[in-house]
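Here are my notebook entries from an afternoon of looking around in one structure. Follow along on your screen if you like.

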There are 4 protein chains.
Amino acid sequence: MKNKIENNSHKILSALHKIKIRFDETDAMGIVWHGNYLKYFEDGREAFGRKFGISYQDVMDVNLATPIVKSSVEHFLSLKYGDECVIETTYMFTEAAKLVFNYKIFNTAEKLVCTGETIQVFTEMKNGKMQLTIPQFYKDWKKKNVLKNA
Amino acid sequence: MKNKIENNSHKILSALHKIKIRFDETDAMGIVWHGNYLKYFEDGREAFGRKFGISYQDVMDVNLATPIVKSSVEHFLSLKYGDECVIETTYMFTEAAKLVFNYKIFNTAEKLVCTGETIQVFTEMKNGKMQLTIPQFYKDWKKKNVLKNA
Amino acid sequence: MKNKIENNSHKILSALHKIKIRFDETDAMGIVWHGNYLKYFEDGREAFGRKFGISYQDVMDVNLATPIVKSSVEHFLSLKYGDECVIETTYMFTEAAKLVFNYKIFNTAEKLVCTGETIQVFTEMKNGKMQLTIPQFYKDWKKKNVLKNA
Amino acid sequence: MKNKIENNSHKILSALHKIKIRFDETDAMGIVWHGNYLKYFEDGREAFGRKFGISYQDVMDVNLATPIVKSSVEHFLSLKYGDECVIETTYMFTEAAKLVFNYKIFNTAEKLVCTGETIQVFTEMKNGKMQLTIPQFYKDWKKKNVLKNA
């Protein structure tokens with residue numbers, strides 16, 4: 001069916017990245033302060049970029065920036081100082097001039113610690129103006145990495 | 001109508017709090033790093049607690065903690081080092097054993113910088129177990145501050 | 001005596017600034033994480049600048065930056081979430097092209113929490129090159145604010 | 001000579017640890033915010049502990065904490081987002097009930113980025129009281145790892 005084919009038109013790309021919790025990332029409850037998970041997501045995004053050949057540098061080379069315009073985190077378990085965990089970062093397909101990533105963090109027992117999402121747009125470096133059209137380098141990257149029948 | 005009466009059964013409580021952006025809260029894009037907004041929300045929540053008489057101390061006195069289980073931020077404008085802004089923290093009514101707050105941050109031009117939401121649950125301090133029933137002190141606080149015909 | 005006159009050739013300038021400890025600034029020991037004191041010193045420096053008319057903006061207007069090249073903190077007492085404290089920032093006279101500040105943080109009981117020092121140099125914004133001569137705006141500021149018989 | 005023998009009475013212990021600079025660790029100058037170097041020192045200390053078998057856990061097992069009472073950093077070069085660097089953490093011998101570490105951070109060109117020192121004391125977990133005598137586990141560790149003719 002047409003519908004199914006369309007749903008299958010792009011590949012699911014994910015990257016795994018291992019981190020260890022720093023002492024300064026904990027708070028007086030003895031667990032990681034909730035806002036620090038956005039640092040871990042940033043680590044995950046960077047690991048994704050390394051694996052699939054897309055980086056801040058590519059973005060900067062065309063005088064763009066990719067600020068976060070939306071982020072969310074949902075917590076199921078906590079992490080403590082010294083804990084190791086794995087960040088799974090998944091690229092979410094969209095037709096828009098956006099970068100959408102989903103995140104899952106797992107502890108060493110492979111239990112789900114949290115999930116999250118970030119949305120980034122492309123803005124002009126010099127004036128911060130949002131780009132409504134998709135930058136060429138991102139089109140090329142998508143064609144090469146994400147689209148199935150490109 | 002019954003429905004309307006129910007909608008009006010609780011008061012809308014909000015607190016305003018002014019902050020100034022620290023240099024270390026900016027990133028290499030020259031603007032506040034997105035994860036730091038969760039610190040500002042925490043400032044807002046604390047200001048709310050001071051204004052309406054509910055605090056971490058009340059929670060700790062009954063051996064509970066109120067970890068964040070969900071948070072989200074949506075960004076419309078950026079903030080720079082030295083910028084002043086106002087955090088508007090609004091208590092969102094819920095029947096559940098939860099604390100839900102909505103946030104709006106405005107810059108000095110009174111433009112909306114971002115919005116956000118946090119959800120907290122009550123957990124036992126000693127074992128982290130989530131409380132499904134509403135703690136008495138919170139029931140009392142709601143009765144006194146939020147419910148209209150209490 | 002000559003020596004005494006020289007010692008008295010400049011004024012002692014200090015500024016006080018009050019802050020409140022944020023939850024995210026604590027660590028799993030339940031106290032402020034030691035590295036966060038450098039944020040408080042930055043707050044103190046900024047308050048000093050406001051009081052005595054010298055700011056990052058003045059520095060940026062002449063295309064300079066003032067990176068920290070040395071910092072130290074000595075701790076006597078700890079601070080907890082919600083604690084209020086006062087940062088006393090004192091300008092330390094030097095003939096060199098440097099900005100030297102000393103800090104004392106006091107708790108509400110007026111007990112000394114910590115002391116510290118930072119040293120900043122002037123560097124060219126565009127290439128990071130250190131300036132060995134004193135920038136004119138800083139000479140002027142010193143003459144007006146610090147030197148006694150100027 | 002006696003003097004020389006004494007100088008040679010203990011081994012020099014060092015550990016190397018590699019890190020990568022996170023985006024949120026930079027500031028609006030485009031470089032790592034100076035206070036973040038204390039996080040890297042903490043990473044170095046932890047790597048030292050792993051290598052030489054001394055950890056926060058050992059300390060906590062005897063109901064002690066090891067708060068930092070003094071820290072200093074001297075900066076020679078800056079680091080940027082994505083930079084990799086190596087932290088060299090060296091144990092500094094002392095007869096006192098203290099933990100003294102020296103740090104050197106090197107960039108990928110093996111140039112010295114900064115040096116630093118931290119001093120920690122032993123305090124009782126429950127009341128924060130400083131221990132003037134050396135805890136047994138630390139005596140044992142020193143004997144096994146640091147002293148030459150033990």
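**Entry 1: chain A as a whole**

Helices (H or I, at least four residues) and strands (E, at least two) are DSSP runs, numbered from the N terminus. Read from the N terminus on, they follow the pattern α-β-α-α-β-β-β-β-β-β-α.

A note on the source: this is a predicted model, where local features need pLDDT of at least 70 and side-chain atom pairs count only at pLDDT 80 or more, while totals for chains, interfaces and linings use all residues. Residues are numbered from 1 along each chain as its sequence is written, and chains are lettered from A and ligands numbered from 1 in the order in which they are written.

Along the principal axes, the C-alpha atoms of chain A fill a box of roughly 45 × 45 × 20 Å. I also checked burial: 32% of the 150 residues of chain A count as buried. A residue is buried if 20 or more other C-beta atoms, placed from the backbone, lie within 10 Å of its own.

**Entry 2**

What is the strand order of the open sheet of ten strands? I traced it as β1(A)-β4(A)-β5(A)-β6(A)-β3(A)-β3(B)-β6(B)-β5(B)-β4(B)-β1(B), with antiparallel pairing. Two strands pair if DSSP finds at least two bridges between them. The edge strands are β1 (14-20) of chain A and β1 (14-20) of chain B, each pairing on one side only.

Where the chains join, I found five bridges between β3(A) and strand β3 (residues 68-75) of chain B, which run antiparallel. A:Glu74 has B:Lys70 in β3(B) as its bridge partner.

**Entry 3: who touches whom**

I counted 15 residues of chain A in contact with 15 residues of chain B. Two residues are in contact if their C-beta atoms, placed from the backbone, lie within 7 Å. On the side of chain A that touches chain B, the largest share, eight residues, comes from β3(A). That side divides into seven nonpolar, five polar and three charged residues. Here Ala, Val, Leu, Ile, Met, Phe, Trp, Tyr, Cys and Pro count as nonpolar, Asp, Glu, Lys and Arg as charged, and the others, Gly among them, as polar.

Next I looked at chain B and chain C, where six residues of chain B are in contact with six residues of chain C. The side of chain B has one nonpolar, no polar and five charged residues.

How many degrees of rotation superpose chain B on chain C? I noted 180 degrees, with 0.0 Å of shift along the axis and an RMSD of 0.0 Å. The two copies are therefore related as by a two-fold rotation axis. In chain B, the C-alpha nearest the axis belongs to B:Ile19, 5.5 Å from it. The same surface serves both copies, as 100% of the contact residues of chain B recur in chain C.

**Entry 4: one helix in chain D**

My last stop was helix α2 (residues 37-52) of chain D. Its 16 residues should span 22 Å at 1.5 Å a residue, and its end C-alpha atoms are 22 Å apart, so the two agree. The expected span is 1.5 Å times one less than the number of residues.

Among the buried residues of α2(D) I listed D:Tyr37, D:Leu38, D:Phe41 and D:Phe48. Their cover includes β1 (14-20), β3 (68-75) and β4 (84-92) of chain D. After α2(D) comes D:Gly53, with a positive phi near 65 degrees.

How values were computed. Buried ≥ 20, exposed ≤ 12 C-beta atoms within 10 Å, placed from the backbone. Least-squares fit on C-alpha atoms with pLDDT ≥ 70 in both.
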